[in-house]
Amino acid sequence: MQGGHSQRCLSQDHILEVEDLCVSYERQKSRLFEKEDSMQVLHGVSFYIRKGEVLGLVGESGCGKSTLSRTILGLQPRYEGSVRCAAVRPQMVFQDPASSLNPAKRVGWILEEPLRLNTGLSAEERRQKVLSMLERVGLEEKIADRFPRQLSGGQRQRVCIAESLMLEPSLLIADEPVSALDVTVQAQIIALLSRLQKEMGLAVLFISHDMRVVYQLSQRVMIMKEGRIVESGDADEVYFHPRHPYTKELLEAAGIEWEEEKAETDEETDGTAEGKGTDERRQADASEILP
Ligand SMILES: Nc1ncnc2c1ncn2[C@@H]1O[C@H](COP(=O)(O)OP(=O)(O)O)[C@@H](O)[C@H]1O
Ligand SMILES: [Mg+2]
């Protein structure tokens, strides 16, 4: 059976709804009389993303994260279940900026291309948009004249982010966007994504195998194991009161401490909420748990 993509959203404040998604890959026959079989990679994945929110997806390498992002973007021809997306042009940022940028073109040309293909803007208007986007992602104007190979890894990822935002999408899928970068550059790119997401009211599916990285950006998170979502919820809830053994395993491996479930008293509840907004609390918590 074939699944379906549609633009109809069930709920008004959702930008994406995925329901009961199953994806299998055909396994090639390795011997003559071997039966052709398939390997199921996603098993009944269901979730939603609200407009303007960051949803984190964590899971170890090979659990199906990229398969999920490709399916959402319509790049996976065969699947079961449904993907309902209200975003007009969902965009993707990949792990490896070197291979996703055309090596033969200068950055200015690369950033202009979506405008050339999709808008009726004049050459001068396109140029202005490119320059203002460069500024927005923290790159100097002169970067427009460089080739991708002349940039550092962090600069290249900034160019990829700029490219993905040229048409002002309402949904961005960031598939391990900082996994190839070293830790200092990672932090800069996360800060950039966080700022842009707020400024532009973007909804983001932020994918990583790194529990710490996901916490820094996500309001809600999903934990994936072997193609299934085993736990999901508000980030603070999942990180500090994990329920599933696998979530606990990932937290432990990342050296993040959580509180074991215990009955809360009214006093405790009042105490934690006192005088602190969620963002403020997140920042404080993040600095405690992050290196
Ligand atoms: N095009 C493909 N054909 C066959 N198997 C694939 C293909 N893409 C991914 N896989 C397999 O599907 C599983 C999930 O891969 P992937 O979605 O890339 O996981 P992740 O992004 O979490 O590392 C892996 O076992 C991988 O080898
Ligand atoms: Mg992947």
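Colleague: In E10, which residue is the bridge partner of arginine 220?

Modeller: Please bear in mind that this is a predicted model. Strands of a sheet pair through backbone hydrogen bonds, in either a parallel or an antiparallel sense. Here, arginine 220 has aspartate 234 of E10 as its bridge partner. The pairing of E9 with E10 is antiparallel and extends over six bridges.

Colleague: How many residues lie between E9 and E10 in their hairpin?

Modeller: Two residues separate the strands of this hairpin. In the turn, glutamate 226 has a positive phi of about 45 degrees.

Colleague: Do E4 and E9 run parallel or antiparallel?

Modeller: Strand E4 (residues 54–58) and strand E9 (residues 220–225) run parallel and are joined by four bridges. Glycine 56, for example, has valine 221 in E9 as its bridge partner.

Colleague: In what order do the strands form the sheet?

Modeller: The order is E6-E7-E8-E4-E9-E10, an open sheet of six strands with mixed pairing. Strand E6 (91–93) and strand E10 (228–234) each have a single partner strand, so one side of each lacks a neighbour in the sheet. Direction ignored, neighbouring strands are turned by 15 degrees against each other on average.

Colleague: Which helices lie across strands of this sheet?

Modeller: Helix H5 (residues 153–165) lies across E6 and strand E7 (171–175), and runs at about 175 degrees to E6. Helix H9 (residues 245–253) lies across E4, E9 and E10, at about 100 degrees to E9.

Colleague: At what angle do the axes of H3 and H5 cross?

Modeller: A crossing angle under 35 degrees counts as roughly parallel. The axes of helix H3 (residues 107–118) and H5 cross at roughly 25 degrees and come within 8 Å; the two helices are therefore roughly parallel to each other. The crossing is right-handed. At the contact, Val107, Ile110, Leu111 and Pro114 of H3 meet Val159, Ala162 and Glu163 of H5. By class, these residues comprise six nonpolar, no polar and one charged.

Colleague: Which residues surround ligand 1?

Modeller: A shell may be read by its members, their classes and the elements that supply them. Ligand 1 is surrounded by Tyr25, Val41, Gly59, Ser61, Gly62, Cys63, Gly64, Lys65, Ser66 and Thr67. Three of the shell residues are nonpolar, six are polar and one is charged. Helix H1 (residues 65–72) contributes the largest share of the shell, three residues.

Terms used: Residues numbered from 1 in each chain as written. Chains lettered and ligands numbered in written order. Predicted model: local features only at pLDDT ≥ 70, side-chain atom pairs only at ≥ 80, totals over all residues. Pairing = 2+ DSSP bridges. Axes fitted to C-alpha atoms, helices over the stretch in contact; angles between N-to-C directions. Contact = placed C-beta atoms within 7 Å. Near = placed C-beta within 6 Å. Nonpolar A, V, L, I, M, F, W, Y, C, P; charged D, E, K, R; others polar. Parallel < 35°, antiparallel > 145°, perpendicular 65-115°, else oblique. Left-handed = near helix turned anticlockwise from the far one by under 90°.
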